[in-house]
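Dear colleague,

I am passing on a structure that you have not worked with before, and I would be glad if you could look it over with the notes below beside you.

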Amino acid sequence: MTEQESVVEQTLRSAVITDLYLKSQISVVVHVLEADGYVLYMYQLQISEIFLCLIILHRSILATVLNAVFLALMQAGISMYDMLVASTVGYVKGKVVLDMNQTEIAAGGAYIPLVVKARTEEVVFMQLDSTLSFELLEEAMLHGVKGCKQIRVFQESVMKRYMQSQKERQGKK
């Protein structure tokens, strides 16, 4: 199992109430249409009773893929303990950067993908491949959680609009 597969498995295990789906299989397919021109890799993994097929390219896309998967599971009505939101944060030329792209990652410095629970802001996943002082890591994490809050607000508005459109569609029948 690759590192990225492991991350996806860990985060989904922390979110989905798998006890409710003991005799079920949930399939999720993600197609990355464009992502800074890097080569795509395809991963398949079995998570309890959840089957997941992902196309992931570089770790910078991991937050986007996770957010897409979480929204798809919510849309499908899959029961979860909490909504999860993912973001990236890092240091480029001594400045904190949210939602890093490939150019910023290639510039060097610290890069931290993280996933938090929406309500409690508990960190479910965080990875740091560089060395940072405690103070810089703390600053990066505060900015990362702040970025996750912004993503949460966006995801909630998307889900509300979707549910409203479904409700209106049902009213027309």
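The notes below go from the overall fold to one residue and then to a cavity.

Please keep in mind that this is a predicted model. The protein chain contains four helices and seven strands, and along the sequence these elements come in the order α-β-β-β-α-β-β-α-β-β-α. Of its 173 residues, 43% count as buried, and among the contacts with a separation of 6 or more, 63% are between residues 24 or more positions apart. The chain has an accessible surface of about 9,900 Å², with 53% of that belonging to carbon and sulfur atoms.

One residue I looked at is asparagine 67, which is found in helix 2 (residues 62-75). Asparagine 67 counts as buried because its relative accessibility is 11%, under the 20% cut-off. Leaving aside residues up to four places away in sequence, asparagine 67 touches Leu84, Val85, Ala86, Ile151 and Gln155, and with the side chain of glutamine 155 its own side chain makes a polar contact at 3.3 Å.

The structure holds one cavity of 30 Å³ or more, and the largest cavity has about 40 Å³ of space. Strand 6 (111-117) and helix 4 (134-172) each supply at least two residues of its lining, with helix 4 giving the most, four residues.

With best wishes

Technical notes. Residues are numbered from 1 along each chain as its sequence is written. This is a predicted model: local features need pLDDT of at least 70, side-chain atom pairs count only at pLDDT 80 or more; totals for chains, interfaces and linings use all residues. Side-chain values use heavy atoms; hydrogens and water are left out. Buried means under 20% relative accessible area, exposed over 50%, partly exposed in between (1.4 Å probe, protein chains only). Contact means heavy atoms within 4.5 Å. Accessible areas come from the Shrake-Rupley method with a 1.4 Å probe; for residues, only the protein chains shown count as cover. A polar contact is a pair of N or O atoms within 3.5 Å; within protein, one must be able to donate a hydrogen and the other to accept it, and residues adjacent in sequence count only if both atoms are side-chain atoms. On a 1 Å grid over the protein atoms alone, a cavity is a set of points where a 1.4 Å probe fits but cannot get out, and a pocket is an open set with protein on both sides within 12 Å along at least five of seven lines; lining residues have an atom within 4 Å of a point. Grid points are joined across faces, edges and corners, and a volume is the space filled by probe spheres set on the points.
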